[in-house]
Amino acid sequence: MRSINQTFIATDNSLKTIINKVAIDDDDVHIKHNVAFGNLKENVSKQIAAVKPSVIVLGKSKSKTMSFLGDKLTAFILKEFDGTIMISSEDKTLAANDKLDIGFIDTIDLENNRIKEQLVAFSKKPIKLLQTSATSDSLNSKISNIEKVVLTQKSNIIASVNNYVSNSSLQLLFLNRNKNKTLEINSKISSIAKNLNCSLLITNKI
């Protein structure tokens, strides 16, 4: 119990330090935090039900053990939560005041997702469109400047996506959970996120 209490206090203080730094940088940002010990999935499920968030943000750990747990947690949250999920990258960070280099896979759909619309509005142009086939039905009338990229590794689309992102300046990639049948996003999203060299925004279910 003493060890748990010590860990609880250390974790709580660490979160407070991070939150205070953000508050100093931006007085308009108000962040509440909570620390819990116990069954990970059970606690996450209770928190989602209590808070009803519009967005869940996850990080990626460099630890192999935590990476395994993180993969399981990502899959669990995808199943448990119907809203927007952001998986952030430490390699290509996102800054609030900088225009983002963003991309989509197969389809550019801005309907029913205000966060995605706002990010696209303040992004660098052209918007990258990663196509799993040359005939992907993808264009959206709201975006006029689009650069199409046809992925070449048809036998391994995940590797093809990761390879393109690693060799580009892309900072944020959008994935649609429902409409993207080619990638079978629901079953492969954890694999994509694990090695992806940029942040990932997974759209809400519609």
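Is phenylalanine 37 buried, partly exposed or exposed, and what is its relative accessible area?

1. Phenylalanine 37 is partly exposed, at a relative accessible area of 44%. Buried here means under 20% relative accessible area, exposed over 50%, and partly exposed in between (1.4 Å probe, protein chains only).

2. The model is predicted: local features need pLDDT of at least 70, side-chain atom pairs count only at pLDDT 80 or more, and totals for chains, interfaces and linings use all residues. Residues are numbered from 1 along each chain as its sequence is written, and side-chain values use heavy atoms, with hydrogens and water left out.

3. Rings of Phe, Tyr and Trp (its six-membered ring) pair if their centres lie within 6.5 Å; planes under 30 degrees apart count as stacked, over 60 as edge-to-face and the rest as tilted. The count is two aromatic pairs. Phenylalanine 8 and phenylalanine 37 make a tilted pair, 6.0 Å centre to centre with 40 degrees between the planes. Phenylalanine 8 is in helix α1 (residues 2-25) and phenylalanine 37 in the loop between α1 and α2 (40-51), so the pair ties together parts 29 residues apart in sequence. Helices (H or I, at least four residues) and strands (E, at least two) are DSSP runs, numbered from the N terminus. Phenylalanine 8 is partly exposed at 34% relative accessibility.

4. Phenylalanine 104 and phenylalanine 174 are stacked, because their ring centres are 4.6 Å apart and their planes at 25 degrees. Phenylalanine 104 belongs to strand β3 (residues 102-105) and phenylalanine 174 to strand β6 (residues 172-175), so this pair ties together parts 70 residues apart in sequence. Phenylalanine 104 is buried at 1%, and phenylalanine 174 is buried at 2%.
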